[in-house]
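Hi,

Here is the two-chain model I promised to pass on.

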Amino acid sequence: MSVYDSLDSITEELHKCMKCGNCMAVCPIYKETRQEVGVARGKISLAEYILSGEIEMTKGMGNRFSLCTTCMACNTNCPCGVRFDKIILAARAESVRKKGLQPVKKIAFTALKMQRVFDFGMKAGSIFQGVALKNIPNRHSKLARMRVDVGIGKEKVFPMLSKKTLRSEFPQVITVKNPKMRVGFFTGCMINYFYTDIGRAVIEVLTENDIEVVIPKFQACCGIPASVNGDVASARTLAKRNLRAFERMGADALVVACSSGGTAWKHVFGELLENDHELKALADKWAKKSYDISEFLIHQVPFKKEGLGRVARKVTYHEPCHLNRGQGISKEPREILKSIPGVELIEMKEPGRCCGMAGSFSLVHPDLSGQISDRKTADIQTTNTDTVATGCPACRLQLQSGVENAGFDEEVLHTVQILAESYRVGKGELKRSK
Amino acid sequence: MLAREVLEELVRVLGRENVLTEQEDLLTYAYDATAAMKHHKPDVVVAPLSTEQVADVVKIALRYHVPIYTRGSGTNLSGGTIPIEGGIVLSMLNLNKILEVDQDNLTATVQPGVIIQALNDEAAKHGLLYPPDPGTVTTATMGGSVSECSGGLRGLKYGVTKHYIMGLQLVLANGEVIRWGGKTVKNVTGYDLVALFTGAEGTLGIITEIIVKLIPAPEARKSILAVFDDVDKAGRAIAAIIRNKVIPATLEILDNVTIQTVENFVHAGLPMDAEAVLLCEVDGYKEVVVREAVLVERILKEEGAVQVKIAKDDKERDLLWLARRSALPALAQKRPTTVLEDATVPRSKIPDMLKAIRSIATKHNLQIATFGHAGDGNLHPTILTDERDLEEMKRVHLAVDEIFETALALGGTLSGEHGIGIAKMKYLDREFGEAGVAALRRIKESLDPNYLLNPGKIVRRD
């Protein structure tokens, strides 16, 4: 039985917890609120009380279950091996079954399901975003801030919606001479609508390595925002659509440059579709050949080192929770960075601590998200670097927001962008030497 | 339920954001880290920001006869923070400032909500150390740890929490604020209330500020691991080390059940048929450490260890400690419920205690793994069980009774470092006799006549 279908599915997981409270040492939320309900132990108790029938699921309970960035730090620090990430998903799904989805989220997830409407909305958004958002002068990226507070605060800095989505910018198949592989690129929403620069970098690096890139037109949102908030039905619809879109186009492997997307393809699709024989098999098949871009470049290609030009950057690396703890990818991005001539990698304190973005968490709990971000920003600032690299567009947004609000000069990039930059410089160097 | 006026007064004093009244929040203060313990929901949780606010809360509670359960991180193992009579849970976590590290007097002054590790991180910046290191060092608060007088791995050489507490600011049960002790090494002015309140489990007063003693951090350390095929030999080795005037910072023991469980869990390279493993660490000046390590190695071999390893560097040290570090996680993952006891005996009685525990396990058909601080006689017999299995839990309770009886018969004590709380209250007269318990009660009643503070712990109303 999957965690998405019933709270009973986590009974044994709950029983493993001995209430030692070791999760308190690492929980980013608890560190800010210092309230027991913020930490895994508190929410585990609430789930236990519900299962034992001592209390019923309430709306208030749902609000408490929203207090988790799903950063999985507690999993790692738990002496009993409790998988709290599973518990929180089950609790949230139960909350939605019993008490419904918060209206804002309902609208958002419905929109995600209707791709064309969503695309249109985003297109309209890219034209009219100036109404709600005020540009911020920044020499690295186009950033903006809310003009009015619509309940998420005015602190948060957003990237401007791209005029053209990534998927409309490229054909479905990007061919290369003598391809050694055909790779499907799952863009994810943030890269498709906001951070098209990351998407372009992925394509650049793959084609540079003689890999044909396929970007199926009918791919959809990964569904993680829905599944982590308990909207299992929407998540299932999206999982099916994505599997069919990639299956139709076919590829030797699938790459993502987003930690949610990676988690979705590697783990979540299979779990969501557990009861659907045919689709479960399809999900498992694609899970086996899904890779994060850094993992793919190191272990599957491996990417070519000749032709890398000099990029003078002092870089610190922030670990996305769902890449590091979620997929065990931590060495690979660093290895890529270290292989780029001119890049000096300087580690920050606790690179693996959550940045506090956590998707819709930052919209539902803007203050808390901001406090968590402030710690991360301070850690970045003390490294005296000029660039933060990370492996997730959502983290990038949060880090940019933090850096912008703290007012120091630091560019926030996806690791693959720095690699693409290096190839680009390399080509320039080659031209000049000819 | 609390009268509405009580809540209104609390909100007036503390502000709404520091008063929790919704059941979804209250339920998360109904338990602590103690296994197989009934939970109790408080009526309200308050988190004061100053000593004055703590005093105001006490005065309100006094006026309306509402019990107060002071709480830090709730990591204790004696039911010490469970609000069994409802009332107010007083969370000290907002009082979390390190007020001062005084390098000239070698002291630190902290608020009670400071996490022990945070104090140590701050002390380390000055090359200093706060030695008490309970297993919960990264989560437990200073206030909780002083109130429970927690111990840890370094007890043998460095002592426990009570040896490092020099002064306290306290809110008494009548709402008055007093200071006792201070930064002076010597202080015999009046009764030693600092000693009395350390380990009082929040039953006599509320700690709002703590002055601790710091020591220069040792410059070097060396770890030695020894494997024994016989518990008695391990016991004799412990005695021999001490007899040779070496006082290791830590001297830990793992019994056969623990070794097997750990080995299956992390493959630390220990022989499965080993009857006991001793893990010893000496620390101090570099030269001294080298000399002591060689001496310890020789003693261990002379006492019949089948295998002795000295860690050459930090990497090897981590490897040696892997087994000890993994003991609790490995045991905890074997069964859902882990009953961790801390009966303590004079260190010379360790082999007797280990053997007694093993026969108790056989008698009641239970899995009991024992590991712990052999150097100071503080063992952790750990019963692996499932609290849903009521029949097995009955046997667990019988075994716990017998473990305590054995410890007392060997000249030991009920609790080395976890405290009495609710869990061990019923055994107190076996250690103190009725007159002893009555004396405890008179102390409690002279300082807290209305049983306002942490009622139902250590001593009950007659």
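Some housekeeping before the details. This is a predicted model, so please read the values as computed: local features need pLDDT of at least 70, side-chain atom pairs count only at pLDDT 80 or more, and totals for chains, interfaces and linings use all residues. Residues are numbered from 1 along each chain as its sequence is written, chains are lettered from A and ligands numbered from 1 in the order in which they are written, and side-chain values use heavy atoms, with hydrogens and water left out.

**Chain A**

Chain A has 22 helices and 12 strands; helices (H or I, at least four residues) and strands (E, at least two) are DSSP runs, numbered from the N terminus. Along the principal axes, the C-alpha atoms of chain A fill a box of roughly 80 × 50 × 45 Å.

Of the 434 residues in chain A, 60% are buried. Buried means under 20% relative accessible area, exposed over 50%, and partly exposed in between (1.4 Å probe, protein chains only). Chain A exposes about 17800 Å², with 54% of it coming from carbon and sulfur atoms; these areas are from the Shrake-Rupley method with a 1.4 Å probe, and for residues only the protein chains shown count as cover.

Contact means heavy atoms within 4.5 Å. Take the contacts in chain A with a separation of 6 or more: 76% of them are between residues 24 or more positions apart. As for charge, chain A has 63 positive and 47 negative charges, and their mean positions are 4 Å apart. Lys and Arg count as positive and Asp and Glu as negative, while His and the chain ends are not counted; the place of a charge is NZ of Lys, CZ of Arg, CG of Asp or CD of Glu.

Phe361(A) sits in helix H19 (residues 361-364) of chain A and is buried, with a relative accessible area of 5%. Cys68(A) is 293 residues away from Phe361(A) in sequence, yet their C-alpha atoms are 7.7 Å apart. Leaving out residues up to four places away in sequence, Phe361(A) touches several others, among them Ile29(A), Cys68(A), Leu368(A) and Ile372(A).

Thr175(A), in the loop between strand S4 (173-174) and strand S5 (181-186) of chain A, is exposed at 57% relative accessible area. Thr175(A) and Ile211(A) are 36 residues apart in sequence and 7.9 Å apart from C-alpha to C-alpha.

**Chain B**

Chain B has 14 helices and 18 strands. Its radius of gyration, 23 Å, agrees with the value near 23 Å for a compact globule of 462 residues. The C-alpha box of chain B is roughly 70 × 60 × 40 Å along the principal axes, and 59% of the 462 residues are buried. The accessible surface of chain B is about 19000 Å², 52% of it belonging to carbon and sulfur atoms. Chain B has 52 positive and 62 negative side chains, and the centres of the two sets lie 2 Å apart.

**Strands in chain B**

An open sheet of 4 strands in chain B has the order S1-S2-S4-S3, with mixed pairing (two strands pair if DSSP finds at least two bridges between them). Strands S1 (19-20) and S3 (68-71) of chain B are at the edges with a single partner strand each, so one side of each has no neighbour in the sheet. S3(B) runs parallel to strand S4 (residues 88-91) of chain B, and 4 bridges join them. Arg71(B) has Ser91(B) in S4(B) as its bridge partner.

Elsewhere, strand S8 (residues 165-172) of chain B has 8 of its 8 residues buried. S8(B) is joined antiparallel to strand S10 (residues 205-213) by 7 bridges and to strand S9 (residues 177-181) by 5, also antiparallel. In the hairpin of S8(B) and S9(B), with 4 residues between the strands, Gly175(B) takes a positive phi near 90°.

**Where the chains meet**

Thr28(B) is in the loop between helix H2 (23-26) and strand S2 (44-46) of chain B, and counts as buried at 0% relative accessibility. Beyond its neighbours within four places in sequence, Thr28(B) is in contact with Glu36(A), Val37(A), Gly42(A), Leu46(A) and Arg71(B).

Cheers

Conventions: Rg over C-alpha atoms; globule rule 2.2 N^0.38 Å.
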